[in-house]
Structures are given as C-alpha cells and as structure tokens.
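Trainee: I have a model open and would like to learn how to read it. Where do we begin?

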Amino acid sequence: MDIRSTIAATGYAINRPATAPDPSPGGAIAKAASDFAQSLHQTETTAKTALMGGADPHALVTALAQTELAIETAVTMRNKVVEAYQEILRMPV
Amino acid sequence: MNDFARASVISASGMQAQADRLRHVSENIANADTPGYHRKTVSFQSVVERGRASGEVTSGPVRLDQSALAQIYDPGHPMADETGHYAGSNVDLVIEIADAREAQRSYDANLKLFDQSRQMSRALLELLRR
C-alpha cells in the first residue's frame, strides 16, 4: 500500500511537467495575432488609397481577399480554442 | 507570404497588365482619326525583385508602331500637301478590336485563377471547422 502510494506520487511528479503551461506557443500565437493586425492595417491603408483614387482596384481586391482569409483563420482558431477550453471544463474530475 | 496569397498577387498583376493594355487599345481607337498618330503597342515583361523573377508580370514601356501612316485624300484639309493627301493614323480598327478581345480573354483567365486560389485556400480552412 505504502509502496503503491510512493509509486503514484513519483508518477505524478514525473508527469507533472507535461501539464505545465508551455510558454513557447504563446509567443507563436502573439506573433500570429500581430501578423493578423498588420494585414488588417495594410488592407485598411489600401482601401483608403483606392477610394481616394490612388491605388488600383486589383490591389484592393487582393488585399481584401487576403484579409478575409486571415479573419476566417483567426475566427476558426478562436472557435477551436474556446471549444478545447469548454471540453476541459466539462471533464469530470 | 504563402503560395495561395502569392498566386492571387500574381493573378492580380496579370489583370493589372491586361487593364493597362486595354487602356492603350482605347487610346488607339480614340485617336484613329487623328492625323499623324502612330498606334501604341504594349509589351509585357516579368517583374524582377531582388535579382529574382517574382512571377508577376508588368506592362513594359510603350512603343509606337512605326508602320507607314495612311495617306488620306482630302484636298480641303488644312494639312493636305500639293497632291491633296495628308498623313492619317496607322490605327487599324480590326487589329485594335482583336487586341481588346485578347486582353479580355487573358483578364478572364487571370480572374478565374484568382478565384481558384481563393477557393482552394478557403477549402483548406473548411477542414479546421469540423
């Protein structure tokens, strides 16, 4: 009995780091978010120039299509993250 | 930039080049009756970025068609010489219309490819939603 609990405690101690938050994905997500914001900003600038007659409509359409895809990616990623979080919350402890 | 974004940028450069070509065709047609007008032709060239061809296309420098100008007989014209002829333009409307139609077809092809790359990247994202 005592040995078992010792083994369990050791196993817990070994597996503990696996559940600790990993700092590296946070950096990747922050970078993705800043890329996303930059893409939005670029499209905004292109749209402004195009509406004032400066840029050609092709550049505007390209920028808008890319931003649309970026927004869809961001929303899908957010949905996935929220889904995973709710899955964890629903987990019986 | 990923491949899909690059493909759409390249297609957009093709559309831009064809739009430029159409602009020169309309200039030629508008000046078909201008005396002494040489028709403009547009050449295409690939874009080079940092020593490498980026795959994009751009319209190159405008060149003037140096074929002989049409001699039009009109003794009452202020520019007519002693034989009653003056130099018109060398614009042939049939050639210009064929050029415009070619520009349209090429534009359509680029547009289709733009749509195609967008659809493909969207289909890839659809996988994430399931």
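**Reading the model**

Mentor: Begin with a strand pair. In chain B, strand 1 (residues 40-49) and strand 2 (residues 52-64) pair in the antiparallel sense over 8 bridges. Keep in mind that this is a predicted model.

Trainee: Which residue is the bridge partner of B:Glu49 in strand 2 of chain B?

Mentor: Look across the pair. The partner of B:Glu49 is B:Arg52.

Trainee: How many residues lie between strand 1 and strand 2 of chain B in the hairpin?

Mentor: There are 2 residues between them. Check the backbone angles in the turn as well. B:Arg50 there has a positive phi of about 50°.

Trainee: What is the order of the elements in chain B?

Mentor: Count, then read along the sequence. Chain B has 2 helices and 4 strands. From the N terminus, they run α-β-β-β-β-α.

Trainee: What radius of gyration does chain B have, and what would a compact globule of 130 residues have?

Mentor: Put the two values side by side. Chain B has 22 Å, whereas a compact globule of 130 residues would have a value near 14 Å. Then take the box along the principal axes. The C-alpha atoms of chain B fill roughly 80 × 30 × 15 Å.

Trainee: How much of chain B is buried?

Mentor: Here a residue is buried if 20 or more other C-beta atoms lie within 10 Å of its own. By that test, buried residues are 19% of the 130 in chain B. Look at contact separation too. Of the contacts in chain B with a separation of 6 or more, 60% join residues 24 or more positions apart.

Trainee: Now chain A. What is its secondary structure?

Mentor: Chain A has 3 helices and 0 strands. Along the sequence the pattern is α-α-α. The radius of gyration of chain A is 23 Å, well over the 12 Å from the globule rule for 93 residues, so chain A is more spread out than a compact globule. Its C-alpha trace spans about 80 × 25 × 15 Å along the principal axes. Buried residues make up 9% of the 93 in chain A.

Methods. Residues are numbered from 1 along each chain as its sequence is written. Chains are lettered from A and ligands numbered from 1 in the order in which they are written. This is a predicted model: local features need pLDDT of at least 70, side-chain atom pairs count only at pLDDT 80 or more; totals for chains, interfaces and linings use all residues. The radius of gyration is taken over C-alpha atoms; the globule rule is 2.2 Å times the number of residues to the power 0.38. A residue is buried if 20 or more other C-beta atoms lie within 10 Å of its own, exposed if 12 or fewer, and partly exposed in between; C-beta atoms are placed from the backbone. Two residues are in contact if their C-beta atoms, placed from the backbone, lie within 7 Å. Two strands pair if DSSP finds at least two bridges between them.
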